[in-house]
Amino acid sequence: MAEHLATSLKLPEWATDIHVYVHGWQTSPAGANRTALSLVRQAVELYESAPDRYPGLAAGYRPWCVVIRWPSSSLPRYRGGYLRIRDRAHAMSAEGQGHAPYVIGHLLGYLDTVRTDASGPAVLAGRTGQHLHLMGHSFGGRFLCEAVQRAAEQPPVLGWSTPYDERRPFTVDSMLIFQMAAPRDAFTRYFSTLFPTDTHPGAPLRGPIALTYSRWDRATGFWHLRAEKTPGIGHSGVGAAPVPAFTTKLLPVDTLYPQRSLDHRLVNVDADRLYRGGLRHRLHPAGAHSDFLRPESAHLLLTLAERSR
């Protein structure tokens, strides 16, 4: 699969930002495509309607999207469904079991080697000008974290205030995970090597990992509590972690995010006010778990892209 990607994936020179999306549980290939493209299209519409709101994108915002699809379908039940797909999201990256780290690693490495200077100025943060952002939903967040933390080690060049580390590869400018289906202490329990230490360079992440949460998300609230004995990140945000987690609100599209609210290793984004889902979602077993296809989500995505410059 990695070889197939490397030979068939054509990165357009006009693109300024590359978005890689990984879907969650019970998502069809067509559904994954629709979700990713909806987010990116909303971001484009926001930028075109108010470019002055995103001054860091003065050279332009021309996104290109890659969707990573994985076998996430199962019976809609607890043991043969939730637990099965939860374990699969980890197994696809587990040592000796899955190849997701190598596929994503090859993909990101490939994208990095063919990035071009799409906007001209040499001050752009990507190695040769283009920027790379990861997006995930639900179990897709576990998938991404499992894979990215096992990436190879070589030098990068990207933005944010995080110190430059020559041991890191290609690097990712930002990671945005909507309603992550994982325990609140997952970054301590499963993903601690995402973050650098004196002896380990951490994952190839220059920008923040931003994670939305909403108490109206029943999938990571009631169902996650039953499966994991604790609410999930998508319901209550990140709890214990190897690095401090900063909490901010999901803001309206006409409100700018202060730099101090996003420039952290981990950012909890409180979406209670917007990710509610209405009556249809409140009656659905998953609640507002998938209620993130909103302009405000695209505003956050676009802001992360802007701050990566």
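**A chat about the fold**

Modeller: Among contacts between residues at least 6 apart in sequence, 74% join residues at least 24 apart. Keep in mind that this is a predicted model.

Biologist: How many helices and strands does the chain have?

Modeller: There are 11 helices and 7 strands.

Biologist: And what share of the residues counts as buried?

Modeller: The chain has 309 residues, and 57% of them count as buried.

Biologist: Now the sheet. In what order do the strands sit?

Modeller: The order is β2-β1-β3-β4-β5-β7-β6. The sheet is open, and its pairing is parallel.

Biologist: Which strands stand at the edges?

Modeller: Those are β2 (63–68) and β6 (245–249). Each has a single partner strand, so one side of each has no neighbour in the sheet.

Biologist: What does the twist average?

Modeller: It averages 20 degrees from one strand to the next.

Biologist: Which helix packs on the sheet and touches β1 and β2?

Modeller: That is α5, residues 139–148. Helix α5 also touches β3 (131–137) and β4 (174–178). The direction of α5 makes about 135 degrees with that of β3.

Biologist: How many bridges join β1 to β2?

Modeller: There are 6, and the two strands run parallel. β1 covers residues 17–22. As an example, Ile18 has Trp64 in β2 as its bridge partner.

Biologist: What about β1 with β3?

Modeller: They pair in the parallel sense, over 6 bridges. Here Val22 has Gly136 of β3 as its bridge partner.

Biologist: Which way do they point from β3?

Modeller: His131, His133, Met135 and His137 point one way. Leu132, Leu134 and Gly136 point the other way. In a regular strand the side chains alternate between the two faces of the sheet.

Biologist: Pick out His137. Why does His137 count as buried?

Modeller: His137 has 7% relative accessibility. The cut-off for buried is under 20%, so His137 counts as buried.

Biologist: What does His137 stand opposite in β4?

Modeller: Phe178. β3 and β4 pair in the parallel sense over 5 bridges.

Biologist: And which residues is His137 in contact with, leaving aside neighbours within four places in sequence?

Modeller: Among them are Tyr21, Val22, His23 and Gly24. Phe178, Gln179 and His289 are on the list too.

Biologist: New topic: helix α11. Why does its span agree with what a helix should give?

Modeller: α11 has 13 residues, 295–307. At 1.5 Å a residue it should span 18 Å, and its end C-alpha atoms are 18 Å apart, so the two agree.

Biologist: How many residues of α11 are buried?

Modeller: 12 of its 13, so α11 is mostly covered. The buried ones include Glu296, His299 and Arg307.

Biologist: Which strands does α11 lie across?

Modeller: β1, β3, β4, β5 (209–213) and β7 (266–270). α11 runs at about 165 degrees to β4.

Biologist: At what angle do α2 and α11 pack?

Modeller: About 75 degrees, with their axes 8 Å apart. α2 covers residues 29–49. That angle makes α2 roughly perpendicular to α11.

Biologist: Which residues make that contact?

Modeller: From α2, they are Leu39, Gln42, Ala43, Leu46 and Tyr47. From α11, they include Pro295, Ser297 and Leu301. The contact residues divide into 8 nonpolar, 3 polar and no charged.

Technical notes
Residues are numbered from 1 along each chain as its sequence is written. This is a predicted model: local features need pLDDT of at least 70, side-chain atom pairs count only at pLDDT 80 or more; totals for chains, interfaces and linings use all residues. Side-chain values use heavy atoms; hydrogens and water are left out. Helices (H or I, at least four residues) and strands (E, at least two) are DSSP runs, numbered from the N terminus. The expected span of a helix is 1.5 Å times one less than its number of residues. Buried means under 20% relative accessible area, exposed over 50%, partly exposed in between (1.4 Å probe, protein chains only). Two strands pair if DSSP finds at least two bridges between them. Axes are lines fitted to C-alpha atoms, for helices over the stretch in contact, and angles run from 0 to 180 degrees between N-to-C directions. Contact means heavy atoms within 4.5 Å. Angles under 35 degrees count as roughly parallel, over 145 as roughly antiparallel, 65 to 115 as roughly perpendicular and the rest as oblique. Ala, Val, Leu, Ile, Met, Phe, Trp, Tyr, Cys and Pro count as nonpolar, Asp, Glu, Lys and Arg as charged, and the others, Gly among them, as polar.
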